[in-house]
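Trainee: I am new to this structure. Please pick one part, look at it closely, and then show me what surrounds it.

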Protein chains: 2
Amino acid sequence: MQSQLHAQPIFRALKDDVVAGFAEYAAQKREKKGTILFSPETPNEKIYFVLSGWVKLFRETMSGDEAVTDVMTSGNFFGEIGLSGHDPMPYGAEVVEDADIISLPRFLLAEEIMRNSLFGMAVLQNMTRQRMQRDMEIEHRTVQSAPQRIGCFLLKFCRDAKTSPVRVHLPFDKTVVAHRLGMQPETFSRALAKLREETGLRVQGATVEIDNLQRLVDYTCSACSSSFPCEDKKL
Amino acid sequence: MQSQLHAQPIFRALKDDVVAGFAEYAAQKREKKGTILFSPETPNEKIYFVLSGWVKLFRETMSGDEAVTDVMTSGNFFGEIGLSGHDPMPYGAEVVEDADIISLPRFLLAEEIMRNSLFGMAVLQNMTRQRMQRDMEIEHRTVQSAPQRIGCFLLKFCRDAKTSPVRVHLPFDKTVVAHRLGMQPETFSRALAKLREETGLRVQGATVEIDNLQRLVDYTCSACSSSFPCEDKKL
DNA sequence: GGTGAACATTGACATTGGTCAAGCTTTCTG
DNA sequence: CAGAAAGCTTGACCAATGTCAATGTTCACC
């Protein structure tokens, strides 16, 4: 498990013995789709590293509406809000595709941040990147139409592809994608159909084939402040 | 100016000589409404502290639509993305009410973060709070109606008031409030009228009188994951 | 104190996305 | 393999918000 911890981007620059120290407190577990890792009601003092699978972060109102703020996969971690302390999180986390997850007490991170300012800087830059992504998300939900948001989502899985026929496989249920993009499943269904008409892509279950990448980019990125391929700026 | 820097929440715990060092590089200026402090096109290497007035942060698409992600006032600072380096910011900043602003080269912060991990932790927690606010914002724009978002906005200015007739003065133009809440000015106008009917508040120009605070809370906070008074959790 | 510019409101209408209900398809499970 | 459950799609309809254009109001400046 130590090697898996050390492979996490945020830990890559740490010394072996530090990671070994973490590993003693760490717990790895395979979690099934549907499992709630934590929710606003349950106090929580861990951070979670996703090794495989997908986990959605969401906020839920008293009337049952939910807003998905992010869906994370391998290389990502979450639960770092507050960094120490046992307060309930302001959001919940639910596994949406079977996942391998390592959990680690938060206080270990907090200690290492104080001890090692280079590490602290790495955590800060991670948080900064997350804030930027949220800003982006707010922009998308404000200025993009539903079909455009779907196009934007698909393009994230086309970053490397340069030759046009690209085949994308949706990594989790369409319902989750819909909420991740701030729309209802019904709207998602119709918006995907519209996107198909507009950009000539083909949909077969969870598989999407994009014959003309440029056409999708043109349709989607016209309503965005950045343009394809819009990766995070290196920090 | 050193005293004004030292009064900034993020600097409060720093030693005098450190702040004095910052002050040598700092520039204070009064900025008029309408001034663009920076935009995505202009490389920028400063962070900005608001002493008075209001500044909006926004993202703008190629077709001219804009999404306002935040509006900041005294005690807030912005431009810390990246923390060092001269890359263009991924967003712009525009003064929306005459403001006194101190600007400071970003590298000073980066240096102090590496030198003083307690300070680094403070910056990290500031960023964490901002990310949480963005999450909140995404939730609001997903599950609240336009009148509810306005109600929520008004309630932020009622945090201290416990006795019911409260008088709130909108601190910047309604157009800016509208965009801050992710809606068009016309929608804002109508939604405010609706809110008036629903909760019995009265509007006179930029002044809003709330006779029955509880009624506003009931109407607004039913579509939210937290409830009034929903301040940031202490970090 | 008058005038223009900026800000705000209103009406008419178009568009988007949400809701509810039904039916279909895929996947899981015994 | 059968049956059930979960996920997805579609239709009909409705509510919310955006758009465009006209008009009203406020405020700063001469």
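Mentor: Start with A:Pro229, which sits in the segment after helix H8 (213–221) of chain A. Helices here are DSSP runs of H or I with at least four residues, strands are E runs of at least two, and both are numbered from the N terminus. The peptide bond leading from A:Phe228 into A:Pro229 is cis, with omega near -10 degrees. Most peptide bonds are trans. Chain B has a cis bond too, between B:Phe228 and B:Pro229, with omega about -10 degrees. B:Pro229 is placed in the segment after helix H8 (213–221) of chain B.

A word on the basis. This is a predicted model: local features need pLDDT of at least 70, side-chain atom pairs count only at pLDDT 80 or more, and totals for chains, interfaces and linings use all residues. Residues are numbered from 1 along each chain as its sequence is written, while chains are lettered from A and ligands numbered from 1 in the order in which they are written.

Now the sheets. In chain A, three strands form an open sheet in the order S7-S9-S8, with antiparallel pairing. Strands pair if DSSP finds at least two bridges between them. Strand S7 (166–169) and strand S8 (202–204) of chain A are the edges; each has a single partner strand, so one side of each lacks a neighbour in the sheet. Direction ignored, neighbouring strands of this sheet are turned by 20 degrees against each other on average. Such angles come from axes, which are lines fitted to C-alpha atoms, for helices over the stretch in contact; angles run from 0 to 180 degrees between N-to-C directions. S8(A) and strand S9 (residues 207–210) of chain A share three bridges, in the antiparallel sense. One residue of S9(A), A:Thr207, is the bridge partner of A:Gln204.

Chain B has an open sheet of three strands, ordered S7-S9-S8 and paired antiparallel. Strand S7 (166–169) and strand S8 (202–204) of chain B are its edge strands, each pairing on one side only. The twist averages 20 degrees from one strand to the next. Four bridges link S7(B) to strand S9 (residues 207–210) of chain B, again antiparallel. B:Val166 has B:Ile210 of S9(B) as its bridge partner.

Next, two helices of chain B. The axes of H5(B) (residues 146–155) and H7(B) (residues 185–199) come within 8 Å and cross at roughly 75 degrees. That makes H5(B) roughly perpendicular to H7(B). The scale: under 35 degrees is roughly parallel, over 145 roughly antiparallel, 65 to 115 roughly perpendicular, and the rest oblique. H5(B) brings B:Ala146, B:Pro147, B:Ile150 and B:Gly151 to the contact, while the residues from H7(B) include B:Ala191 and B:Leu195. Residues are in contact if their C-beta atoms, placed from the backbone, lie within 7 Å. The contact holds six nonpolar, three polar and two charged residues. Ala, Val, Leu, Ile, Met, Phe, Trp, Tyr, Cys and Pro count as nonpolar; Asp, Glu, Lys and Arg as charged; the others, Gly among them, as polar.

On to the DNA. Around DNA strand D there are 16 residues, of which A:Lys174, A:Thr175, A:Ser189, B:Ala146 and B:Thr187 come nearest. Here, a residue is near a strand if its C-beta atom, placed from the backbone, lies within 6 Å of it. H7(A) supplies the largest share of that surface, five residues. Around DNA strand C there are 16 residues, and the nearest are A:Ala146, A:Thr187, B:Lys174, B:Thr175 and B:Ser189. There, H7(B) gives the most, with five residues.

Last, the two chains together. In the interface, 41 residues of chain B are in contact with 41 residues of chain A. H4(B) provides the largest share of chain B's side, 18 residues. That side has 18 nonpolar, twelve polar and eleven charged residues. The copies meet through the same surface, because 100% of the interface residues of chain B are also interface residues in chain A.

Technical notes. Contact = placed C-beta atoms within 7 Å.
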